[in-house]
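I opened this notebook to keep track of what I looked up in one structure. The entries follow the order in which I went through it.

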Amino acid sequence: MGAGKLKKIVRILEEWCHQDGHTKLIVVCGNNNKLFEKLYAIYGNDIIMYRFTEKMPELFKLCEVCFTKPGGLSSTEAAAAGVPIAHITPIPGCETINMNYFSDKGMSLKVKPNRNSIYKALEYFGDRQHRLDMIKRQHETINPDAASDICNLAEKLIAEVTAEVEN
């Protein structure tokens with residue numbers, strides 16, 4: 001949803017993967033079926049493509065880098081999985097704030113949706129130490145137990161409200 005210039009970005013990444021010869025591109029279109037159909041018409045089986053999927057944890061394990069818009073859920077999920085992140089095309093507002101937060105903490109790289117910027121990012125992430133450093137900063141910042149902490153807080157607040165209502 002709202003990934004902006006994803007078609008252009010996929011073209012640039014596919015071009016790089018094709019030149020590289022051993023890197024495979026995985027594209028997740030989410031609920032954007034129209035985009036999925038357009039990309040499939042162009043690339044067919046040359047790239048691995050998904051519509052909406054619940055397999056993101058498995059897909060993240062396959063990735064050396066994740067190019068994504070800086071939505072809070074996708075960014076946090078990638079960081080919790082320990083995948084270096086290249087943030088692209090934020091929607092002004094929350095996503096710009098997310099991108100700045102992640103990049104200021106060294107947990108992602110801001111990337112403009114053009115060939116030069118994307119290729120520079122790929123060169124940067126080609127250095128194993130850069131990837132490891134970013135993963136380290138992600139693990140230092142992202143709470144791996146955030147989901148259960150939120151559930152525990154919700155249960156506590158519900159219990160408190162229920163106790164107040166009963167009194």
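The entries below go from the whole chain to helix packing and then to pockets.

**Entry 1: the chain**

I note at the start that this is a predicted model. I looked up the secondary structure and found eight helices and five strands in the protein chain. I then read the elements along the sequence, and the pattern is α-β-α-β-α-β-α-β-α-β-α-α-α. For overall extent I took the C-alpha trace, which spans about 70 × 35 × 30 Å along its principal axes.

**Entry 2: H1 and H2**

How far apart are the axes of H1 and H2? I found them 11 Å apart, with the two helices packing at an angle of about 30°. Angles under 35 degrees count as roughly parallel, and H1 and H2 are therefore roughly parallel to each other. Helix H2 covers residues 33–43. I also looked up the handedness, and the crossing of H1 and H2 is right-handed.

I listed the residues that meet there. From H1 they are Leu6, Lys7, Val10, Arg11 and Glu14, and from H2 they are Leu35, Leu39, Ile42 and Tyr43. Sorted by class, this contact of H1 with H2 has six nonpolar and three charged residues, and no polar ones.

**Entry 3: H1 and H6**

I went on to H1 (residues 6–20) and H6 (residues 115–125), whose axes come within 10 Å and cross at roughly 50°. That angle makes H1 oblique to H6. The crossing of H1 past H6 is right-handed.

Which residues make the contact between H1 and H6? On the H1 side I wrote down Ile9, Arg11, Ile12, Leu13, Glu15, Trp16 and Gln19. On the H6 side I wrote down Arg115, Ile118, Tyr119 and Leu122. By class, the contact of H1 with H6 has seven nonpolar, one polar and three charged residues. I note that Arg11 of H1 is in the contact with H6 and also in the contact with H2.

**Entry 4: the largest pocket**

I looked up the largest pocket next and got a volume of about 1500 Å³. Its lining has 49 residues, and those nearest its centre are Val28, Met56, Cys66, Phe67 and Thr68.

Which element supplies the largest share of this lining? It is H1, with eight residues. Elements that each supply at least two residues are H1, strand E1 (26–28), helix H3 (56–62), strand E3 (66–68), helix H4 (72–80) and H6. By class, I have 28 nonpolar, 13 polar and eight charged residues in the lining of the largest pocket.

**Entry 5: the second largest pocket**

The second largest pocket has a volume of about 170 Å³. H4 gives the most, with four residues. By class, the lining of the second largest pocket has five nonpolar, three polar and two charged residues.

I close with a cross-check on H4, which supplies at least two residues to the lining of the largest pocket and four to the lining of the second largest pocket.

Notes
Residues numbered from 1 in each chain as written. Predicted model: local features only at pLDDT ≥ 70, side-chain atom pairs only at ≥ 80, totals over all residues. Heavy atoms only, no water. Axes fitted to C-alpha atoms, helices over the stretch in contact; angles between N-to-C directions. Parallel < 35°, antiparallel > 145°, perpendicular 65-115°, else oblique. Left-handed = near helix turned anticlockwise from the far one by under 90°. Contact = heavy atoms within 4.5 Å. Nonpolar A, V, L, I, M, F, W, Y, C, P; charged D, E, K, R; others polar. 1 Å grid on protein atoms, 1.4 Å probe; cavity = no way out; pocket = protein on both sides within 12 Å on 5 of 7 lines; lining within 4 Å. Points joined across faces, edges and corners; volume = space filled by probe spheres on them.
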